[in-house]
2 protein chains.
Amino acid sequence: MGGALTIGEVARRAGVAVETVRYYERLGLIPPPPRKASGYRLYPEDTVRRIRFIRHAKELGFSLREVAELLALRLEPTTPCAQVKRRVQEKLQDIQRRMQALQRIEKTLEELLGACREGAPITQCPILEALEDTERGGKRHG
Amino acid sequence: MGGALTIGEVARRAGVAVETVRYYERLGLIPPPPRKASGYRLYPEDTVRRIRFIRHAKELGFSLREVAELLALRLEPTTPCAQVKRRVQEKLQDIQRRMQALQRIEKTLEELLGACREGAPITQCPILEALEDTERGGKRHG
DNA sequence: CTTGACCCTGTAGCATACTACAGGGTGTAT
DNA sequence: ATACACCCTGTAGTATGCTACAGGGTCAAG
């Protein structure tokens with residue numbers, strides 16, 4: 001157990017608060033670590049990476065529940081392959097949808113930038129169009 | 001005012017609750033609309049698009065405050081061009097960072113999928129590596 | 001021993017983003 | 001007039017994700 005870290009060290013390295021680490025443990029996002037005789041937690045170094053992942057995924061819009069699902073996508077020897085495959089594919093689709101939406105915002109911002117350079121007048125609001133999808137609405141011809 | 005909508009219609013079309021529409025108005029995400037003599041709100045049709053944008057942007061991890069900032073990136077005739085440019089560029093960078101992070105998760109999931117197909121053993125946890133960045137941690141050689 | 005940083009559990013509170021409800025008014029069809 | 005769906009304001013509550021605190025124990029250095 002050469003790399004065991006106290007909760008404070010984990011929190012510092014992962015960029016979160018100590019309470020957050022305990023909170024994630026309560027939620028099951030982090031496995032409960034072994035303890036010293038004093039009751040102090042001793043985390044494997046891997047925990048830092050895990051919490052960083054959680055942080056980043058949250059920033060991308062995933063709820064903690066969703067993050068837990070992502071983290072569960074490990075290959076375990078006992079998990080049937082077809083089951084993993086379906087779960088991974090679902091997540092992939094979700095991620096691809098998010099990426100497409102981000103691309104649309106990006107494109108619109110680039111157009112805004114171009115319009116700014118050219119001094120062209122903008123009479124529409126292009127940012128609202130960026131995330132328009134196939135839902136119908138606001139386009140009635142009355 | 002051919003396209004004026006009651007709050008219930010806006011909510012239905014935008015896919016949110018009536019209370020949410022009022023909430024967004026209180027937050028300033030939606031301009032307060034004109035009223036009938038009865039006090040009923042009459043929203044322009046554009047509001048549906050606006051709320052949809054808010055919804056989608058939230059799903060991508062933007063806070064409502066951040067969404068408000070995105071929505072404010074309209075070209076107004078009175079806004080100096082250099083100011084708009086800087087704001088847009090900041091948002092672009094943020095969006096590009098999020099896209100890169102999503103791409104990394106995507107790549108990892110695809111690798112997981114491939115590993116599943118080939119029946120290759122995975123001894124690491126690739127999902128955690130997906131969002132590793134240049135922060136140092138968990139890699140100490142003791 | 002003292003000091004200060006760190007740890008523990010458990011409870012309460014804050015921030016964000018809604019969501020529901022009370023009490024009452026409005027609009028439309030029967 | 002009645003019934004029902006919808007509207008209003010204002011207040012309170014819920015869910016999520018922390019964040020802070022109380023009360024007390026541990027650790028290491030001076």
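**Exercise 1. In this predicted model, find which residues A:Glu25 touches, leaving out those up to four places away in sequence.**

Solution. 
- Step 1: Locate the residue. A:Glu25 sits in helix 2 of chain A, which covers residues 18-27.
- Step 2: Look for polar contacts made by the side chain. One goes to the side chain of A:Arg41, at 2.9 Å. Another goes to the side chain of A:Tyr43, also listed at 2.9 Å.

**Exercise 2. Decide whether A:Glu25 is buried or exposed.**

Solution. 
- Step 1: Get the relative accessible area, which for A:Glu25 is 13%.
- Step 2: Hold that against the cut-off: buried means under 20%.
- Step 3: A:Glu25 therefore counts as buried, given its 13%.

**Exercise 3. Work out how the buried residues of helix 2 of chain B are arranged around the helix axis.**

Solution. 
- Step 1: Pick out the buried residues of this helix (residues 18-27): B:Val21, B:Tyr24 and B:Glu25.
- Step 2: Look down the axis. The buried residues of helix 2 of chain B stay within an arc of 100 degrees, so they line one face of the helix.
- Step 3: An α-helix has 3.6 residues a turn, so residues three or four places apart point the same way.
- Step 4: Check the other side. Turned away from the buried side of helix 2 of chain B are the exposed residues B:Glu19 and B:Arg26.
- Step 5: Ask what the buried residues pack against. In chain B, the partners are helix 1 (7-14), helix 3 (46-59) and helix 4 (64-71).
- Step 6: See what comes after the helix. B:Gly28 follows helix 2 of chain B, and its phi is positive, near 90 degrees.

**Exercise 4. Describe the protein surface near DNA strand C, and say which helix gives the most to it.**

Solution. 
- Step 1: Start with the residues. There are 18 around DNA strand C, and those that come nearest are A:Gly8, A:Arg41, B:Tyr24, B:Tyr40 and B:Leu64.
- Step 2: Turn to the DNA side. Of the atoms of DNA strand C within 4 Å of the protein, 73% belong to sugar and phosphate.
- Step 3: Sort the surface by class: six nonpolar, six polar and six charged residues.
- Step 4: Helix 1 (7-14) of chain A and helix 2 of chain B each supply at least two. The top contributor is helix 2 of chain B, with four residues.
- Step 5: Go down to atom pairs. A base oxygen of DNA strand C is 3.1 Å from an N or O atom in the side chain of A:Tyr40.
- Step 6: Link back to Exercise 1.

**Exercise 5. Sum up chain A as a whole, then find which residues of its helix 4 are buried.**

Solution. 
- Step 1: Count the elements. Chain A has six helices and zero strands.
- Step 2: Of its 142 residues, 44% count as buried.
- Step 3: Take the accessible surface of chain A, about 8,100 Å², with 49% of it belonging to carbon and sulfur atoms.
- Step 4: Zoom in on helix 4 of chain A (residues 64-71). Buried here are A:Leu64, A:Glu66, A:Val67, A:Leu70 and A:Leu71.
- Step 5: View helix 4 of chain A down its axis. Its buried residues fall within an arc of 155 degrees, so they line one face.

Conventions: Residues numbered from 1 in each chain as written. Chains lettered and ligands numbered in written order. Predicted model: local features only at pLDDT ≥ 70, side-chain atom pairs only at ≥ 80, totals over all residues. Heavy atoms only, no water. Buried < 20%, exposed > 50% of the residue type's maximum accessible area, 1.4 Å probe, protein only. Polar contact = N/O pair within 3.5 Å; in protein donor to acceptor, adjacent residues only side chain to side chain. Contact = heavy atoms within 4.5 Å. Arc of directions from axis to C-beta. Near = heavy atom within 4 Å. Nonpolar A, V, L, I, M, F, W, Y, C, P; charged D, E, K, R; others polar. Areas by Shrake-Rupley, 256 points an atom, 1.4 Å probe, with all protein chains shown as cover.
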